[in-house]
Amino acid sequence: MPYKTISLKLLRPSRVKRNFLDNALERYSLSFEQILRRIGSLNPNLAALSKTQQQKLLDTEVMSIADNYDAQPFKDALKMDISMLLSSYSGRVKAGMQSNFPITRTDDEDINKIINSDEKVTKRQINAVFDKLGNYRPLLLCRFGINRDYSILKQNNTDGYYVKVYLFNLKNAIPVNGNENKPLKYITNGEELTHTRRKKRYLILPLQTGDWQKKHLKEIEQGMAMPKSAVLVKKGHEYFLNVRLWYEPISAFSAKTYLGVVRGVTGELCYHICSRNGEGLETGIISSNKNRGKNRVHHLANSILKLAADNKSQLVLYNLTTRSDSLNQSDWIASVSPSEYTELEQMVTYKSELQGLPAPVSVSPSGVFYKCPCCTSFKYANRMDRNIFLCTNCGFSGRLEEIGAGNLARALITYKRNKLNVHYYQQHGEIHFYCKALGLSYSCTDGSHALNSFYKYIYTYLIESQNKKNKKLTSIYKKLSSSDDISEHIKLIPVKN
Amino acid sequence: MNSLYYETSYGSLIKNGEELCGDKVEVVKVANDTIIVLADGLGSGVKANILASLTSKIVATMLSAGADIPDVVETIASTLPVCSERQVAYSTFSFIRIDPEGWAHLIEFDNPEAVFLRGGKRLLANREQIVIGGKTLKEARLKLEPGDMCIMFSDGVVHAGVGKLLNLGWQHDNVVDYIEKAYKKDSTAHSLQNLLLSACDNLYMQAPGDDTTVVVCRVIPPNTAYVMVGPPVDKSDDEKLVNRLLSFNGTKIVCGGTTSQIVSRISGRELITKLDYIRPDVPPVGTIEGIDLVTEGVITLGRTLDIIKKYETGTVGRENSLNYKNDGASLLAQTLINKCTGVKFVVGRALNPAHQNPDMPIDLSIKLRLVEDIAESLKRLDKKVEIEYH
């Protein structure tokens, strides 16, 4: 499911509204922390519980803590938010990572405990208390809708957008302001907002929208995007509403080319585009133009996706989480680290879905920079120096990063062409076949029928393996089934018995 | 001790835009010694070709006649035409003379240093400087052993890639490093020479900036192939010939279905025919324990002759026509060319009953003719060839 998060800034709320917002954040944060501490103190072994068991801890009695802080409107959000935090915490503990029970906010009482503690207090503990002193936790608004946690409105005949946020319980509902007579419509169904003469439990807040925000708000109006949850966040003196949008997946086009992207030597990334039969079309360097941090990764990802869209390409990347591409040398390191490349891969994957591009395929990085595209010889000795490839088997040469990108682009073509090795030997009138990839052995009487008999056996074996849901065998089955003649995909290798 | 055999292969890339190569190689055999000369004429094109040709011919001829090195150098200096533009008559040269026991004498004048390999690693050859007629030459003497290789190359190799993939060119140390990495135990002189030239061509991006020549000499102990083709006329000779085959000290090859069956019957070893048709026009090979290669007869010999002729008449650079496939004809050609220094054909003249069919165009004379043609080609490839008829 393709999601995108957009950040909408609240337009200069008045002093009164700022107080209301701060108050809501305060109530939410206090409730959150107190509920968390309560269940933490009641269940020392909380990390070991399953998700369902943890959710059961948030029963009516525990959630009634929120009543003490007039946080009734946020109870559902608190439940969801606390569950997610506990799930993350227990995930880290079960993975063997060192993780203390989460604290999201501290107060003066926590400072006093530190000061009055008989035990030795570490600098880390002191910092933990002060870093989170009076901390506001982002306020989760879990449902979008007309009378739900939040909704978005638009002023008639203008480009002005507003957000309606439920922040108050009945006791603290605020009176309707006589000046609030701007005609506003809900952007999802065009229904007009009607003010009652009673008190209201919500705030209407104008949004500061630039072109980028308007683009996405229009997509909501047109039904192309659907708002899901949102969080209200305070940064400095400004308030933001970060809205999570869901987009209907666009059907991906049928790729006409392959685009391989590898870590570069002379630049950050190097790419190669080839046709479906492996003919090279274009090679180049992708640069982030001196962007840094997250912006750098976004910039690189967007550049890759533009290339893929312009060339109708199936994107091929490599997986660096379990294996290295052996690009770094003892005296030199590529400018894009393996973790950055992995982050880039994840970003490209979700962005490609949003843009209607085929999902990228991730392959093994083994030999990408060391396999000769001419004779397929794979040797580390093929790397002559940092960026020169010189095959020690056939003499083919080129720039290492371009060859790597080319090998990656053609990886899927090579996979389809690779044959299944079947070893055989003949002895005493019998012939014995063995295929390591399939893990099968077969013997029969030697003769002209032997091969056909073996091929039939392979088919039966693979069909039966579909029931066992073995990915590798399924993949081999698909490959063998792709043509009428199974022998096209099989390489017979005689061995001495 | 049996004389060592020196398998030599050389090839060149012509400078982009020129029609003639300015490098020249001469290989001569004189009184069991092997002399290899590599000359590089100044400049490129016709002038350089003339300079290099003159130089290599003078060196080879004079050494063959027993001349001393100072005489050779003085003759070259006085013979070479002077360039009207540069007012210089100049050609670099290197030559190596190796006797049948492996003693090698190397002389180099302004050519990149030759590289010697032993076990795939560089063998250092101490060079001494000698001055003749104002020219400084380098001289080295060393004893070569079976398996050693000597690689000589012109400066086009050292400068490969300059201005293209490599700013400073390939450079001598990198060339040596590459040779060591590329070396394989079964590397032949031709395969290594071809590989180096291919690397140069690729580094120059198929537009050589200079004439580029590589000469490789591989030292191998002599190895003769015993090739049994066709059954003997007299059946009583079957056992004798088969036993000679089995006891022969060298590579053993059997060509022909009937012949294979005879060998199998008399030796008591199973004849197994392989399943895979590597080439549709060449029958599959078989195996008999103790025999290095078992092929079909006439059709395979015909294809083998095609391959050997293509190899023999290859263009400058000795284009690899062996292809290193595994069909019977390719295997037979590879074995005779790469693994053997001599071949003994033992040809049976018995008529194949199948060939009596008037619908079959093949007859005995074709088989004999094929064997003779293969033998002639192999002789031109410097193999010692014998044919025995039964």
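This is a predicted model: local features need pLDDT of at least 70, side-chain atom pairs count only at pLDDT 80 or more; totals for chains, interfaces and linings use all residues.
## Where chain A meets chain B, and what lies inside

Six residue pairs, both partners at pLDDT 80 or more, are in polar contact across the interface of chain A and chain B.

### The interface

By the salt-bridge rule, zero such bridges cross between chain A and chain B. Several strands of chain A each bring at least two residues to the side that touches chain B: β14 (383-385), β15 (388-390), β16 (397-399), β17 (420-427) and β20 (490-494). The biggest giver to that side is β16(A), with three residues. What kinds of residues make up the side of chain A that touches chain B? Twelve are nonpolar, seven are polar and three are charged.

Counting contacts, 22 residues of chain A meet 20 residues of chain B. The size of an interface is often given as the accessible area lost when the parts come together. Here the two chains bury about 1,800 Å² between them, and 59% of that is on carbon and sulfur atoms. On the chain A side, A:M384, A:T392 and A:Q426 lose the most area to chain B, together 26% of what that side buries.

In soluble globular proteins, nonpolar side chains tend to be buried together. The largest nonpolar core in this model has 53 residues, and A:I35, A:L78, A:L139, A:L167 and A:L241 have the most contacts inside it. Helix α1 (residues 15-42) of chain A provides the largest share of this core, eight residues. Another core, of 47 residues, lies apart from it and includes A:I273, A:V297, A:L307 and A:I413.

Leaving aside neighbours within four places in sequence, A:L78 is in contact with A:Y28, A:S31, A:F32, A:I35, A:M63, A:A66 and A:A71.

### Inside chain B

Chain B holds ten helices and 18 strands. Of its 390 residues, 54% are buried. Among contacts in chain B with a separation of 6 or more, 69% are between residues 24 or more positions apart.

Helix α7 (residues 257-267) of chain B has these buried residues: B:T259, B:S260, B:I262, B:V263 and B:S264. Among the elements of chain B that cover them are β12 (224-229), α6 (237-247), β13 (251-255) and β16 (293-295). Just after α7(B) comes B:G268, with a positive phi of about 75°.

| Residue | Place in chain B | Relative accessibility |

Not counting residues up to four places away in sequence, B:N111 touches B:L38, B:D40, B:T92, B:F93 and B:S94.

The C-alpha atoms of B:R303 and B:A333 are separated by 9.1 Å, although the two residues are 30 residues apart along the chain.

Notes
Residues are numbered from 1 along each chain as its sequence is written. Chains are lettered from A and ligands numbered from 1 in the order in which they are written. Side-chain values use heavy atoms; hydrogens and water are left out. Contact means heavy atoms within 4.5 Å. Buried area is the accessible area (1.4 Å probe) that two parts lose on being put together, summed over both. A salt bridge is a side-chain nitrogen of Lys or Arg within 4 Å of a carboxyl oxygen of Asp or Glu. A polar contact is a pair of N or O atoms within 3.5 Å; within protein, one must be able to donate a hydrogen and the other to accept it, and residues adjacent in sequence count only if both atoms are side-chain atoms. Helices (H or I, at least four residues) and strands (E, at least two) are DSSP runs, numbered from the N terminus. Ala, Val, Leu, Ile, Met, Phe, Trp, Tyr, Cys and Pro count as nonpolar, Asp, Glu, Lys and Arg as charged, and the others, Gly among them, as polar. A nonpolar core is a set of buried Ala, Val, Leu, Ile, Met, Phe, Trp, Tyr and Cys residues joined through side-chain atoms within 4.5 Å. Buried means under 20% relative accessible area, exposed over 50%, partly exposed in between (1.4 Å probe, protein chains only).
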